[in-house]
Amino acid sequence: SSPNKETQTGLVPKRLLLLFVEDDQVQPVLKVIQSNAITGEPGDGVIAISQLEQIVNIRSNGAPQQPK
């Protein structure tokens with residue numbers, strides 16, 4: 001098989017967008033993402049919303065911090 005041969009896998013390219021926003025900004029950010037990311041085609045993706053419990057800074061060996 002040739003290294004230049006194209007192969008159809010049926011996979012859709014994906015991106016991961018990770019955002020940390022204040023509680024009062026969740027809905028506005030959600031609306032912006034939805035209105036700009038929709039194509040109507042399979043693979044438009046999903047949005048998962050979760051609470052952030054703590055942040056640990058690895059580089060500075062910092063103690064866990066509570067998010068603001």
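1. Of the 68 residues in the protein, 1% count as buried. The model is a predicted one, and that figure should be read with this in mind. The accessible surface comes to about 7100 Å², and carbon and sulfur atoms account for 54% of it.

2. Secondary structure is soon listed: the protein has one helix and zero strands. The helix, α1, spans 26-37.

3. The largest pocket holds about 1400 Å³ of space. Its lining is made up of 32 residues. Nearest the centre of this pocket are Leu17, Leu19, Ile33, Ile47 and Ala48. By class, the lining has 20 nonpolar residues, six polar ones and six charged ones.

4. Is Leu19 buried, exposed or partly exposed? Its relative accessible area is 45%; because buried means under 20% and exposed over 50%, Leu19 counts as partly exposed. Leu19 and Val29 are ten residues apart in sequence, and their C-alpha atoms are 9.3 Å apart in space.

5. A nonpolar patch lies on the surface, formed by Leu18, Phe20, Leu52 and Ile55. Together these residues have about 420 Å² of accessible area. One of them, Ile55, has a relative accessible area of 39% and so is partly exposed, as the value lies between the 20% and 50% limits.

6. Arg15 is exposed, because its relative accessible area of 86% is over the 50% limit. In space, Arg15 lies 9.0 Å from Gly45, C-alpha to C-alpha, while the two are 30 residues apart in sequence.

7. To sum up for the file: the predicted model has one helix and no strands, and 1% of its residues count as buried.

Note on methods
Residues are numbered from 1 along each chain as its sequence is written. This is a predicted model: local features need pLDDT of at least 70, side-chain atom pairs count only at pLDDT 80 or more; totals for chains, interfaces and linings use all residues. Side-chain values use heavy atoms; hydrogens and water are left out. On a 1 Å grid over the protein atoms alone, a cavity is a set of points where a 1.4 Å probe fits but cannot get out, and a pocket is an open set with protein on both sides within 12 Å along at least five of seven lines; lining residues have an atom within 4 Å of a point. Grid points are joined across faces, edges and corners, and a volume is the space filled by probe spheres set on the points. Ala, Val, Leu, Ile, Met, Phe, Trp, Tyr, Cys and Pro count as nonpolar, Asp, Glu, Lys and Arg as charged, and the others, Gly among them, as polar. Helices (H or I, at least four residues) and strands (E, at least two) are DSSP runs, numbered from the N terminus. Buried means under 20% relative accessible area, exposed over 50%, partly exposed in between (1.4 Å probe, protein chains only). Accessible areas come from the Shrake-Rupley method with a 1.4 Å probe; for residues, only the protein chains shown count as cover. Patches are made of residues with over 30% relative accessible area and no salt bridge: like charges are joined within 9 Å, nonpolar side chains (Val, Leu, Ile, Met, Phe, Trp, Tyr) within 5 Å. A salt bridge is a side-chain nitrogen of Lys or Arg within 4 Å of a carboxyl oxygen of Asp or Glu.
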